Amino acid sequence: MGWEVPAPDGDLGPRNPIRDAVLGTIEDLAPKLNSYVFTNVLKDDEDSVTQYSRIRSLAQRRGSLFLSVMLSCEVDEQVRRIDAPDRIARLKGSDPERYRRERYRRERDHTKLFQPPPGEAVRIDTTTIGARQNAETIHEVLLGQGLERRSRAVAARRLTDEAMAGEVQYAWRGTLTDGEMVDLVESHGGRPAVGWWDRVRQYSLGWVTARTENGVLVGFVNVAWDGGDHAFLLDPKTRSTRQHEGIGTAVVALAVKHARAAGCEWLHVDFNPELASFYLGACGFERTDAGLIHLLSEK
Ligand SMILES: CC(C)(COP(=O)(O)OP(=O)(O)OC[C@H]1O[C@@H](n2cnc3c(N)ncnc32)[C@H](O)[C@@H]1OP(=O)(O)O)[C@@H](O)C(=O)NCCC(=O)NCCS
């Protein structure tokens with residue numbers, strides 16, 4: 001997380017709106033999988049104590065590990081590193097002379113820095129040790145505190161499973177974006193066409209969505225109509241990880257109910273033979289004679 005504008009000059013004090021917004025976003029919106037590193041120079045004062053414990057309790061509420069790391073560096077070495085291109089790109093302080101003066105002022109004034117509670121911080125002198133090695137040291141400490149050695153992919157899958165769990169909720173004409181449709185089609189190995197749902201929706205009598213408690217779209221069916229007695233069941237889809245749980249049957253049942261309520265007499269469907277057990281067996285359609293012309297292949 002970051003913002004591409006320079007921080008305002010001066011101390012914004014304890015009620016810093018940027019800090020509040022960042023911490024609020026991490027708490028309310030950010031995926032639990034994300035990790036955050038806060039880099040602060042904290043003076044030994046009340047505001048620092050508040051900032052420190054605020055971040056520590058935020059980590060607790062998110063179920064994250066919390067580790068404070070005190071970094072130090074010889075002044076000449078730090079001045080040498082201060083105008084590295086990646087620091088300039090991130091709008092970090094990069095003026096060597098200004099930094100040297102600041103360090104000198106702190107030493108002259110005997111400015112004391114905030115100290116985390118004993119035993120809570122890892123102390124690293126970075127003067128002769130490179131960033132990668134320091135990161136490895138911190139990683140080792142976190143592993144010792146219970147950080148799981150798992151890949152991002154495994155962690156992401158676990159979060160997806162959590163999002164998928166729970167009761168499925170069905171809705172007639174519920175909110176449904178084109179992007180969600182693309183994602184659903186991809187999930188069952190179909191070839192999604194971006195913009196398809198946005199185009200088709202206007203010709204629909206209605207559609208059924210099936211969503212998990214967390215709002216993930218897991219099922220869909222569309223009902224087109226002729227404006228009178230005939231409705232047409234089209235494009236049922238169930239997310240691949242949730243097939244054979246009855247979701248397809250349930251979205252069709254709700255579509256039948258609403259097509260009937262809209263005054264239609266007939267609900268038509270056609271399908272490939274291998275889906276007979278779904279349409280005729282599970283959904284209750286009767287077999288009938290029907291005709292079809294594939295317009296694109298007929299001359
Ligand atoms: C067809 C589809 C919508 C069914 O969804 P679903 O949620 O798995 O359906 P249900 O769980 O309600 O299935 C009920 C029964 O229908 C039958 N059935 C379901 N999917 C089937 C399939 N792909 N082939 C054959 N029969 C199937 C089975 O008898 C099933 O009972 P079971 O789970 O005990 O085997 C789903 O397989 C899908 O999205 N497929 C890809 C898209 C597609 O082909 N859509 C249809 C044409 S556009």
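**A walk from the sheet to the ligand**

Gly219 sits opposite Thr238 in E6. This is a predicted model, where local features need pLDDT of at least 70, side-chain atom pairs count only at pLDDT 80 or more, and totals for chains, interfaces and linings use all residues. Residues are numbered from 1 along each chain as its sequence is written. Helices (H or I, at least four residues) and strands (E, at least two) are DSSP runs, numbered from the N terminus.

E5 and E6 pair in the antiparallel sense over six bridges; pairing takes at least two DSSP bridges between two strands. Zoom out, and five strands form an open, mixed sheet in the order E3-E4-E5-E6-E7. Strand E3 (169-172) and strand E7 (266-268) are at the edges with a single partner strand each, so one side of each has no neighbour in the sheet.

Now for the nonpolar core, meaning buried Ala, Val, Leu, Ile, Met, Phe, Trp, Tyr and Cys residues joined through C-beta atoms within 7 Å. Buried means 20 or more other C-beta atoms within 10 Å of a residue's own, with C-beta atoms placed from the backbone. The largest such core has 25 residues, and among those touching the most other members are Val221, Val251 and Val252. H10 gives the largest share, seven residues.

What comes nearest to the ligand? Of the 18 residues around it, Thr238, Gln243, His244, Gly248 and Thr249 do, where being around it takes a backbone-placed C-beta atom within 6 Å. Strand E6 (230-238), helix H10 (247-261) and helix H11 (276-282) each give two or more residues to this shell.

Technical notes
A residue is buried if 20 or more other C-beta atoms lie within 10 Å of its own, exposed if 12 or fewer, and partly exposed in between; C-beta atoms are placed from the backbone.
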